[in-house]
Amino acid sequence: MNIAGNLLIGESVRRGTNGVSYALDAASGERLEPGFGGATMADVDAACALAWSAFDRFRETSLEARAEFLETIAANILAIGDALIERCVAESGLPRARIEGERARTVGQLRMFAGVVRAGDFLEVRLDPAQPERKPMPRVDLRLRHIGLGPVVVFGASNFPLAFSVAGGDTASALAAGCPVIVKAHAAHPGTSELVGMAVRKAVKDCGMPEGTFSLLFGSGREIGQGLVRDPRIKAVGFTGSRHAGTELMAIAAARPEPVPVYAEMSSINPVLLFPHALEQRAETIAQAFVQSLTLGAGQFCTNPGLILAVEGPALDRFVAAASEALARMPAATMLTPGIHRAFDAAVAKFEEHAQVQTVARAQPAAGANDGQGALFSTSAAAFRENTALQEEIFGAASLIVRCPDLPAMLALIESLEGQLTAALQIDEADYAAVRSFLPALERRVGRVLVNGFGTGVEVAHAMVHGGPYPSTADGRSTSVGSLAIRRFLRPVSYQDMPEALLPEALKTANPWKINRLFDGHVELAQRA
Ligand code: NAP
């Protein structure tokens, strides 16, 4: 499969006429061929019109047909073979093993959602049968199912060129929900985007899905991205990126005549809490694991551990010494784009120059132009409380250790934090009583509380929450990873006294799709062969 630099608008593969842009080799900075033609507002209109015309047919496809469609996308991505891996490594600067792992995750997510669709539980079918004899008033027949929201715009993420881009988690969950998807490709990896886009387009054809089920556009976020979010036919948005862009998209979507939800994953510093007994027992081991997590993928993870909270004393000094030593041995690593690298260097420089922040360690100096050099800082609890700028995410391998006078001060800092994706607790059994007193505050602040690990390496599973209160995400009621991600793109519809012949298959009394349902308030498990 060749990369041609074309837009994919439904079935049509066409050259964009709104300027030309190129991918860069992340490590060398060299321009990669070919040029990508940017989309015009007419292309936005065409993709939205197709998506809207596909919506009613696509959302009523059978569960089996939609599941097969998702599995076909997965198979088509694998069929691209090495060309996808090579292009993705060049565009992202991420190691080959990471990209191979990310492809496996992407394919795994699509297959997981195929399973979710087949099971049908996501429809959350409820039947409250009529009670004509009920006194004083008869009860009507009520049936409920969930339907897709409508066409969804997905912004590809720079830091997950496969698993959170063209056919990543947002796209897979939206398609599973029955929503056509238009992807605004990330400029950092357009070649990867086109290859995956062609695989999705082929699956649309292979499986006989309506033409507008999928489109892929290249172009600027401000023009094409905002144009898509403003279009009245778009009913939801999936985004991963900066807080600045995410909040701007939230404002645009909220100001529309018909406001729509934006599921934006934006910024998080993911506190790590070192409890006293664990720190005393394992300061050096925790420090090693922390530095591994901090520097993984050049630190370009939304779950990167950007904040360490601990009570000052000799055990914390041991941790700082061991972490400093481990970080000092770490090579600098290629970052995703020159812009992200510049932002990292600027944010690190601000911390270095801050009067109340000490630089405790740096990784090895940069060898390549786009290399990020890891950094570890330390400050006091009082300084952290006074300077809200110290709470801002540094996207890359940088972390701040906050020395707290005691556990109540550490708890008070948790209360002062913005919403976060994760909190990681390093604990031993002797810490349980203290941990118990922290849990209510942690539950209010974060989407995932994890023990004796670090937030990086998010498991794609049914009980995963990759979300959290603002600003970690736009809507803390949701997750963007795991099977629950489908909920973001669904809404309930109730049918009152609808004749059996007019009911959708999912709601028919005989349960032809064999879906588990809530019947008159009781769980009724389907009899499956
Ligand atoms: P970004 O600048 O937010 O861009 C993400 C996407 O949004 C791109 O497609 C971009 O399009 C578009 N966009 C940017 N500004 C926009 C606007 N005002 N209106 C509409 N669309 C807009 O993020 P990035 O390029 O991936 O990285 C930049 C910074 O974002 C990083 O340094 C980091 O701070 C943060 N980031 C955070 C996470 C996380 O998970 N927490 C992940 C990735 C990035 P164009 O640029 O093509 O116009």
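Colleague: In which strand is the place of R31?

Modeller: R31 sits in β4, residues 31-37. Strands are DSSP runs of E, at least two residues, and helices are runs of H or I, at least four, both numbered from the N terminus. This is a predicted model, where local features need pLDDT of at least 70, side-chain atom pairs count only at pLDDT 80 or more, and totals for chains, interfaces and linings use all residues. Residues are numbered from 1 along each chain as its sequence is written, and side-chain values use heavy atoms, with hydrogens and water left out.

Colleague: Why is R31 called exposed?

Modeller: Its relative accessible area is 52%. Exposed means over 50%, buried under 20%, and partly exposed in between, with a 1.4 Å probe and protein chains only. R31 is therefore exposed.

Colleague: What does R31 touch, not counting residues up to four places away in sequence?

Modeller: R31 touches Y22, A23 and L24. Contact means heavy atoms within 4.5 Å. The C-alpha atoms of R31 and S21 are 9.8 Å apart, and the two residues are 10 apart along the chain.

Colleague: How do you know that the span of α8 agrees with its number of residues?

Modeller: Helix α8 covers residues 243-255, 13 residues. The expected span is 1.5 Å times one less than the number of residues. That gives 18 Å, and the end C-alpha atoms are 18 Å apart, so the two agree.

Colleague: What makes a space a cavity, and what makes it a pocket?

Modeller: On a 1 Å grid over the protein atoms alone, a cavity is a set of points where a 1.4 Å probe fits but cannot get out. A pocket is an open set with protein on both sides within 12 Å along at least five of seven lines. Lining residues have an atom within 4 Å of a point. The search of the whole structure finds 5 cavities of 30 Å³ or more.

Colleague: What is the volume of the largest pocket, and which element gives the most to its lining?

Modeller: The volume is about 1,200 Å³. Of its 44 lining residues, G241, S242, R243, H244 and A245 are the closest to the centre. α11 gives the most, with 8 residues; α11 spans 338-353.

Colleague: What lines the largest cavity?

Modeller: The largest cavity is lined by 17 residues, and I269, G306, E393, I394 and A398 lie nearest its centre. Its volume is about 120 Å³. Strand β18 (residues 398-404) gives the most to the lining, 3 residues.

Colleague: And which residues lie nearest the centre of the second largest cavity?

Modeller: R59, R66, L123, R145 and H146, out of 13 lining residues. The cavity holds about 110 Å³ of space. The largest share of its lining, 4 residues, comes from β6.

Conventions
Grid points are joined across faces, edges and corners, and a volume is the space filled by probe spheres set on the points.
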